[in-house]
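Dear colleague,

Please find the structure below, followed by a short account of the contacts found in it.

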Amino acid sequence: RELSIDSAIEILEAIGDAPKVQAALCSAYLHKYRHTGGAKEWVVKAEEACERAEASGEDEPEIHRTLGRLYTETSKLDEAEVELKRALELRPDDAETKLAYGDLLYRQGRAPEAEATFRRAIELRPGNWAGHNQLGTFYLRSGAPEQALARPLGGGPTFDGHREPPCPRGV
């Protein structure tokens with residue numbers, strides 16, 4: 001996985017400064033930040049790429065979603081909420097943004113809203129294992145392991161028709 005993130009970063013850095021490329025680069029840097037245990041250099045690069053994407057003036061949901069994730073990761077929860085709400089205004093039925101927003105709501109202590117948001121993401125893309133995994137993780141963190149274990153274990157078909165690996169029981 002580390003190699004694929006590094007490859008993605010290398011390719012995106014070579015492509016140029018288009019806003020969606022910068023948003024994707026921000027996301028790749030954010031993944032690198034997570035996989036390095038929070039090495040500050042990666043979050044700084046992510047912030048810079050997100051700022052370049054935002055400075056373009058393009059009002060794209062992907063840019064707002066990526067900024068929202070970055071702000072959530074760096075505990076700038078008010079800024080994250082503004083960005084994720086804007087992404088949802090632009091594309092209300094985007095399951096990926098719903099999952100990011102559910103994570104934010106959970107971090108804000110708004111568990112009932114988080115659960116409803118995760119459930120809505122699953123309704124939008126029922127075969128996407130990530131939504132089921134995030135809802136199961138929510139239940140574990142909320143002290144409801146029996147609900148977490150009741151989640152589907154097998155990976156379902158995703159938007160591209162491929163099967164994702166199953167989520168191990170209890171994760």
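**Salt bridges and a disulfide**

Arg34, Glu73, Asp103 and Arg107 are linked in a network of salt bridges. A salt bridge here is a side-chain nitrogen of Lys or Arg within 4 Å of a carboxyl oxygen of Asp or Glu. This is a predicted model, in which local features need pLDDT of at least 70, side-chain atom pairs count only at pLDDT 80 or more, and totals for chains, interfaces and linings use all residues. Residues are numbered from 1 along each chain as its sequence is written, and side-chain values use heavy atoms, with hydrogens and water left out.

The count comes to 18 salt bridges. Among them, aspartate 94 pairs with arginine 65 (2.8 Å, N to O). Aspartate 94 is in the loop between helix 5 and helix 6 (95-107), and arginine 65 is in helix 4, 29 residues apart; helices are DSSP runs of H or I with at least four residues, numbered from the N terminus. Both aspartate 94 and arginine 65 are buried (under 20% relative accessible area; exposed is over 50%, partly exposed in between, with a 1.4 Å probe and protein chains only).

Arginine 69 forms a salt bridge with glutamate 96, their closest N and O atoms being 3.0 Å apart. Arginine 69 is partly exposed at 25% relative accessibility, as is glutamate 96 at 35%.

The whole structure contains one disulfide, defined as a pair of cysteine sulfur atoms within 2.5 Å. Cysteine 26 is joined to cysteine 50, S to S 2.0 Å. The torsion about their S-S bond is about -80 degrees, so the disulfide is left-handed.

Yours sincerely

Notes
Helix = DSSP H or I, 4+ residues; strand = E, 2+ residues; numbered from the N terminus.
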